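Biologist: I would like to go through this model term by term. Please set each value against its definition before you conclude anything.

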Amino acid sequence: MSEALTAEDNPTDSTYEAPAEARALLCAARDAAGLRIEVLAASLKVPVAKLVALEAGDLSALPDRVFVRALVSSICRHLKVAPEPILAKLPSTMRFE
């Protein structure tokens with residue numbers, strides 16, 4: 001799909017996606033750890049739907065930019081991977097409805 005949209009790119013579009021690279025890194029880290037998404041969600045005490053949305057790149061299904069970055073950091077900490085490469089690939093500007 002396309003790269004992440006920002007409010008400057010398309011101010012009328014309320015759907016924002018995480019770049020494919022960020023999603024791929026998250027999925028690869030979870031797969032390498034051998035965790036199903038339901039198990040990771042339970043460990044992090046986060047609804048499965050939030051993790052599914054994050055891995056699908058559907059940032060508009062998540063509350064805000066701070067939540068997205070905190071969730072990615074928590075996932076990385078749990079999976080014992082460096083969060084910086086993934087956080088760097090997330091859009092710097094996100095608009096949420």
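Biologist: Where is the place of R30?

Modeller: R30 is in helix α1. Helices here are DSSP runs of H or I with at least four residues, numbered from the N terminus. This is a predicted model, in which local features need pLDDT of at least 70, side-chain atom pairs count only at pLDDT 80 or more, and totals for chains, interfaces and linings use all residues. Residues are numbered from 1 along each chain as its sequence is written, and side-chain values use heavy atoms, with hydrogens and water left out.

Biologist: Why is R30 called buried?

Modeller: Buried means under 20% relative accessible area, exposed means over 50%, and partly exposed lies in between (1.4 Å probe, protein chains only). R30 has a relative accessible area of 11%, so R30 is buried.

Biologist: What does R30 touch, not counting residues up to four places away in sequence?

Modeller: R30 touches L35, R36, I37, L40, E55 and L79. A contact means heavy atoms within 4.5 Å. The side chain of R30 also reaches the backbone oxygen of L35 at 2.8 Å. A polar contact is a pair of N or O atoms within 3.5 Å; within protein, one must be able to donate a hydrogen and the other to accept it, and residues adjacent in sequence count only if both atoms are side-chain atoms.

Biologist: What makes the meeting of E55 and R30 a salt bridge?

Modeller: A salt bridge is a side-chain nitrogen of Lys or Arg within 4 Å of a carboxyl oxygen of Asp or Glu. For E55 and R30 the N to O value is 2.6 Å, and their side chains meet in a salt bridge. E55 lies in helix α3 and R30 in helix α1, so the pair ties together parts that are 25 residues apart in sequence. Side chains of opposite charge can pair when their charged atoms come close.

Biologist: Which residue forms a salt bridge with R30 at 3.9 Å?

Modeller: That residue is D31, with 3.9 Å between the closest N and O atoms. The count of salt bridges comes to 2, and R30, D31 and E55 are linked in a network.

Biologist: Is D31 buried or exposed?

Modeller: D31 has a relative accessible area of 52%, so D31 is exposed. E55, at 17%, is buried.

Biologist: Why are α1 and α3 called oblique to each other?

Modeller: Their axes come within 8 Å and cross at roughly 125 degrees. Axes are lines fitted to C-alpha atoms, for helices over the stretch in contact, and angles run from 0 to 180 degrees between N-to-C directions. Angles under 35 degrees count as roughly parallel, over 145 as roughly antiparallel, 65 to 115 as roughly perpendicular and the rest as oblique. The conclusion is therefore that α1 and α3 are oblique to each other.

Biologist: Which residues meet where α1 and α3 are in contact?

Modeller: R23, L26, C27 and R30 in α1 meet L54, E55 and A56 in α3. By class, this contact has 4 nonpolar, no polar and 3 charged residues.

Biologist: How do you know that V46 is buried?

Modeller: V46 has a relative accessible area of 16%, so V46 is buried. V46 is in the loop between α2 and α3. Leaving aside neighbours within four places in sequence, V46 is in contact with A41, L51 and L71.

Note on methods: Helices (H or I, at least four residues) and strands (E, at least two) are DSSP runs, numbered from the N terminus. Ala, Val, Leu, Ile, Met, Phe, Trp, Tyr, Cys and Pro count as nonpolar, Asp, Glu, Lys and Arg as charged, and the others, Gly among them, as polar.
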